[in-house]
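Here is a short report on one protein model. Look over the sequence and the fold first, then read on.

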Amino acid sequence: MKLRKEQISNALWILAIVLILFTPIGFHLRVFTGKLFSGNADVIEVGKRETLKDYHWNLIDLQGDTLDFENLKGQVVLVNFWGTWCPTCVAEMPSMVRLYEIYGDKVVFAFVANDKKDRVQSFMAKKSYDLPVYFETSRTPDALVSQSIPATFILSKGGEIVVREIGAAKWDSESTQALLDQLLAE
């Protein structure tokens, strides 16, 4: 039996779909495409910004130290919800690392992991990332809740949610840096 061109094409498509859905190759492919298609984060218009009223939120880092979010009032804060199992989270992480390297001493960064501690530690070590990673120990403030990850919020010194980005973005872009510079100068 001789295979027709159409049958070979269909078999290749089925093989590609199986590889993407059921193998590690698919995860890495989704990370790659996430990097290709991530754009700049959108800034919320001034009149449409929500102000975070509830700072009652407790986090714990990889070393077991606690962070009371209440202590971050009056500072520019970037909160990123992510997981090691999330391809788009992994895709945007290199740009987050570069942004952290530039602004880590000026802006408070909180990378809130939606994952198990040992998996996060392994991921951070494998990638040689040195980021302030936290886990929740109390309920997330309603204004920062998202049904999807990655979800990133940038808060002004006054608590305004200036950026609410659901999905991957290019965080080390010139526009994000200009925004952070503006927020720090306020």
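Helix axes here are lines fitted to C-alpha atoms, over the stretch in contact, and angles run from 0 to 180 degrees between N-to-C directions. Helices (H or I, at least four residues) and strands (E, at least two) are DSSP runs, numbered from the N terminus. The model is predicted: local features need pLDDT of at least 70, side-chain atom pairs count only at pLDDT 80 or more, and totals for chains, interfaces and linings use all residues. Residues are numbered from 1 along each chain as its sequence is written, and side-chain values use heavy atoms, with hydrogens and water left out.

**The chain**

The protein chain holds five helices and seven strands. Along the sequence they follow the pattern α-α-β-β-β-α-β-α-β-β-β-α. Of the 186 residues, 44% are buried (under 20% relative accessible area, with exposed meaning over 50% and partly exposed in between; 1.4 Å probe, protein chains only). Contact means heavy atoms within 4.5 Å. Among contacts between residues at least 6 apart in sequence, 68% join residues at least 24 apart.

**Helix α5 and its partner**

Two packed helices are described by the angle between their axes and the distance between the axes. The axes of α3 and α5 come within 12 Å and cross at roughly 35°.

| Helix | Range | Contact residues |
|---|---|---|
| α3 | residues 87-103 | Leu99, Ile102, Tyr103 |
| α5 | residues 174-185 | Thr176, Gln177, Leu180, Asp181, Leu184 |

By class, the contact has five nonpolar residues (Ala, Val, Leu, Ile, Met, Phe, Trp, Tyr, Cys and Pro), two polar and one charged (Asp, Glu, Lys and Arg), with the others, Gly among them, counting as polar.

Helix α5 has 12 residues and reaches 16 Å from its first C-alpha to its last. Which residues of α5 are buried? They are Thr176, Leu179, Leu180 and Leu183. Seen down the axis of α5, the buried residues fall within an arc of 95° (taken from the directions from the axis to the C-beta atoms), so they line one face of the helix. Their cover includes α3, β6 (151-155) and β7 (161-166). On the other side of α5, Glu174 and Ala185 are exposed.

**Asparagine 80**

Asparagine 80 sits in strand β3 (residues 77-82). Its relative accessible area is 0%, so Asparagine 80 is buried. Leaving aside residues up to four places away in sequence, Asparagine 80 touches several residues, including Glu92, Met93, Phe111 and Thr152.

Terms used
The expected span of a helix is 1.5 Å times one less than its number of residues.
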